[in-house]
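Keep the structure in view while reading.

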Amino acid sequence: MNLIELKSALRAGGWTLFLDRDGVINRRKIDGYILSPDEFHLLAGVREAVFEFSKWVLRILVVTNQRGIARGLMTETDLGAVHARMHMLFQEFGVSIDRVYYCPHDQNTGCACRKPGTGMPRQAKKDFPVINFSRSIMIGDTTSDLQMGRDLGMVCIHVGNQVIAPELYDIHLDSLKDFWVS
């Protein structure tokens, strides 16, 4: 599916948007973790892009690996404060994120929720049974984001400049805002 086909398909309704957080919504902290609200900064054009998506999708969900919790660098309360800031920044622009799903586990723990595992979207489907993965979009900047989406049959959009195997995504964009300006 290309960008024109996807925009046309969105008009039919019934779509769900899954967004990765770091590197898609906010600036990624190189060699580190966003540990507090004051470190959370939206990427340029993200609020506008998500606002446009909100006109066409049933719900907007964030799925994010947060291994800083397992490493003892932050608590779930700290993460909640970061996400409260994210919600506030979107709400100021008239956008609502329906839910944030996160994996607090470290790598190689065998949990089902850590991307590329499919636990977070599967939990979302339990919470929102109307979700149809074949009418869902996964937007991510890493292999694990896109592999998760691909494993569930989602339309996958790669954003950013990280080299990703092209079979893992349908569309590449430099940033999330480019979806609507293309």
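Twenty residues line the largest pocket, and those nearest its centre are Asp 22, Arg 28, Gly 32, Tyr 33 and Asn 65. The model is a predicted one. Two elements each give two or more residues to the lining of this pocket: strand E2 and helix H5 (143-151). By kind, the lining residues divide into three nonpolar, seven polar and ten charged. The space in this pocket comes to about 500 Å³. Rolling a probe the size of a water molecule over the atoms shows where empty space is left.

The second largest pocket holds about 200 Å³ of space. Its lining has 15 residues, and Gly 23, Leu 43, Asp 141, Val 159 and Gly 160 lie nearest the centre. Here the division is five nonpolar, six polar and four charged.

Is Leu 43 buried, partly exposed or exposed? Leu 43 is partly exposed, because its relative accessible area is 29%, which falls between the limits of 20% and 50%. Leaving aside neighbours within four places in sequence, Leu 43 is in contact with Gly 23, Val 24, Ile 25, Asn 26 and Arg 27. Val 24 is 19 residues away from Leu 43 along the chain, yet the C-alpha atoms of the two are separated by 7.4 Å.

Now turn to Asp 20, in the loop between strand E1 (16-19) and helix H2 (46-54). With a relative accessible area of 5%, Asp 20 counts as buried, because the limit for buried is under 20%. Which side chain makes a polar contact with that of Asp 20? The partner is Lys 115, at 2.7 Å. Beyond four places in sequence, Asp 20 also touches other residues, including Ile 25, Arg 28, Val 63, Thr 64, Met 138, Ile 139 and Asp 141.

In soluble globular proteins, nonpolar side chains tend to be buried together. The largest nonpolar core in this model has 34 residues, and Ile 137 and Ile 139 have the most contacts inside it. Among the elements that give two or more residues to this core are helix H1 (3-10), strand E2 (59-65), helix H3 (76-91), strand E4 (136-140) and strand E5 (155-159). Another core, of 19 residues, lies apart from it; Ala 124, Met 138, Leu 146 and Leu 168 are among its members. Setting aside neighbours within four places in sequence, Ile 139 is in contact with residues that include Leu 17, Phe 18, Leu 19, Phe 53, Ile 157 and Leu 176.

Last come the backbone angles. Most residues other than glycine have a negative phi, and most peptide bonds are trans. The peptide bond from Lys 115 to Pro 116 is cis, with omega near 20°. Pro 116 belongs to the loop between strand E3 (99-103) and helix H4 (119-127). That loop also contains Asn 108, which has a positive phi of about 60° although it is not a glycine. Asn 108 is exposed, because its relative accessibility is 82% and the limit is over 50%. Asp 31, in the loop between E1 and H2, has a positive phi too, near 55°. Its relative accessible area is 83%, so Asp 31 counts as exposed.

How values were computed:
Residues numbered from 1 in each chain as written. Predicted model: local features only at pLDDT ≥ 70, side-chain atom pairs only at ≥ 80, totals over all residues. Heavy atoms only, no water. Helix = DSSP H or I, 4+ residues; strand = E, 2+ residues; numbered from the N terminus. Buried < 20%, exposed > 50% of the residue type's maximum accessible area, 1.4 Å probe, protein only. Polar contact = N/O pair within 3.5 Å; in protein donor to acceptor, adjacent residues only side chain to side chain. Contact = heavy atoms within 4.5 Å. Core = buried A, V, L, I, M, F, W, Y, C linked by side-chain atoms within 4.5 Å. 1 Å grid on protein atoms, 1.4 Å probe; cavity = no way out; pocket = protein on both sides within 12 Å on 5 of 7 lines; lining within 4 Å. Points joined across faces, edges and corners; volume = space filled by probe spheres on them. Nonpolar A, V, L, I, M, F, W, Y, C, P; charged D, E, K, R; others polar.
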